[in-house]
Structure formats: C-alpha cells, structure tokens
Amino acid sequence: MAEITAPDKEESLLECARHIGSYCGNEVLDSLPSHAKTTVSADCCYKIIQTGYSCHTRLTLFVLQSDSEYKHANLTRVLAKNDKIFHKCDYATQPESQRYLSKCVEKIGIHCGKEVFDKLVYNKNNITGCCCDKLVDMGLRCHINMVKALIRTPALRDIDAVQFLKKSKKIFHQCQPREE
C-alpha cells in the first residue's frame, strides 16, 4: 500500500485550493461560523461541486487547524456546517433526473449532441441548421440540464461553470429562429 508523503499531501491541498479559488474559499469560510447563514453563491456552489467533497472538507480541516480565528471552534459543528454547505450546493447545481436527461439526449440525438458539445467545449465549428433546430426543439430546460451534467464530469473540472452556463445559453439563443 502506497503512503502519501507530506509534500504530496501539501500538493494535493494546494490543488484543491487552486480549484476552489480564493474568492469562493473566503465565501465558504464566511459561512462556516455557527451563527452565519449557510448561503454560498451559485458561482461558488459550482466550484465547490467541481472541487469535490473530499477537497472541500480537507480545505476546511486545514483552515480549522491552521487559522487562529478557528482555534476554539467546535470542530463537530463546523464540519456539520461544512457538510450542509456542500449538500446545499449539490442540490442547487444538480441536473434533473437521469430519466429526464436521457429523454433530452433522445431528442437531440448523438450526432447533434456531439456538434453542440464540440461548439460548447472546444469552440469548434458552428452548429448546423438541422442540429440547431433539434437543439431548439429539445428546449432550453433540457439543454441547461445537460450542461449541468457536463459540468460535473471530471474532464471539465477546470472550467468556469458559470461562464460555461452563460456560453451554453448564448449558443441556444443563437440557434433560435429570428422573427423578422
């Protein structure tokens, strides 16, 4: 069994901190004291979910152990609040059911789904008229839910989820027929 050395642990923690960023890290810390609300912005919720529960908790533990402001904090209460923040963010950012998503995939089809994905993720080519029609017919709700599911994949961990959602809406609206 391989052991994780102190430098590896440190690097892992730095990687977690890099993913969540200082703004969202501070937003979470401001929510942790027992008297504070457990409210984190949607932007930061996406970052927390992309970072993952393990990183989120390790960062909280690190702050509890190293920041004098939390020296006398009730560890159990703060970790319970940490969990509550994560679960609220998970709920707020999750797509609808797998059944709903599979119906969305059926509506757009594999080929057009790939075209939209390539435009969204890699900014490749424009979406063909036929696929734009399928995207619009599928509906914005389906499209956004599919994008929310994508955001949760490890391959897209480094994207800015909020910008990604904005870009997806822009792509959808560009496909909508214009009234003259």
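Six disulfides, each defined as a pair of cysteine sulfur atoms within 2.5 Å, turn up in a search of the whole structure. The structure is a predicted model, in which local features need pLDDT of at least 70 and side-chain atom pairs count only at pLDDT 80 or more, while totals for chains, interfaces and linings use all residues. Residues are numbered from 1 along each chain as its sequence is written, and side-chain values use heavy atoms, with hydrogens and water left out.

With the bonded cysteines of the protein numbered in sequence order, the pairing reads 1-5, 2-3, 4-6, 7-11, 8-9, 10-12. Cys130 takes part in no disulfide; the nearest cysteine sulfur belongs to Cys112 and is 4.9 Å away. Cys130 is also exposed, at a relative accessible area of 51%; here exposed means over 50%, buried under 20% and partly exposed in between, calculated with a 1.4 Å probe on protein chains only.

A disulfide connects Cys104 with Cys142, with an S to S distance of 2.1 Å. Cys104 belongs to helix α5 (residues 98-108) and Cys142 to helix α8 (residues 140-151), so this pair ties together parts that are 38 residues apart in sequence. The torsion about their S-S bond is about -75°, which makes the disulfide left-handed. Both cysteines, Cys104 and Cys142, are buried.

Cys112 and Cys131 form another disulfide, with 2.1 Å from S to S. Because Cys112 sits in helix α6 and Cys131 in helix α7, the pair ties together parts that are 19 residues apart in sequence. The Cys112 and Cys131 link is left-handed, with -70° about the S-S bond, and Cys112 and Cys131 are buried.

Helix α7 also holds Cys132, whose partner Cys175 lies in helix α9 (residues 161-175); the pair links distant parts of the chain, 43 residues apart. The S to S distance of the Cys132 and Cys175 disulfide is 2.0 Å. A torsion of about -55° about the S-S bond makes the disulfide of Cys132 and Cys175 left-handed. Cys132 counts as buried at 12% relative accessibility, and Cys175 is buried at 9%.

The loop between α6 (110-122) and α7 (129-138) contains Asn123, and Asn125 has its place in the loop between α6 and α7 too. Most residues other than glycine have a negative phi. Asn123, however, has a positive phi near 55°, and the phi of Asn125 is positive as well, near 35°. Asn123 is partly exposed at 49% relative accessibility, whereas Asn125 is exposed at 63%.

Turning to Thr93, this residue lies in helix α4 (residues 75-93) and is buried, with a relative accessible area of 2%. Leaving aside residues up to four places away in sequence, Thr93 touches Cys45, Tyr46, Ile49, Lys148 and Arg152, where contact means heavy atoms within 4.5 Å. The side chains of Thr93 and Arg152 are joined by a polar contact of 3.0 Å. Such a contact is a pair of N or O atoms within 3.5 Å; within protein, one must be able to donate a hydrogen and the other to accept it, and residues adjacent in sequence count only if both atoms are side-chain atoms.

For "domain: Prolamin-like", an unreviewed UniProt entry lists residues 15-90 and 103-175. In residues 103-175, the end C-alpha atoms lie 20 Å apart, and the span is 77% helix and 0% strand.

Key:
UniProt positions are given in the numbering used here, feature names are shortened, and annotations may be inferred rather than shown by experiment. Helices (H or I, at least four residues) and strands (E, at least two) are DSSP runs, numbered from the N terminus.
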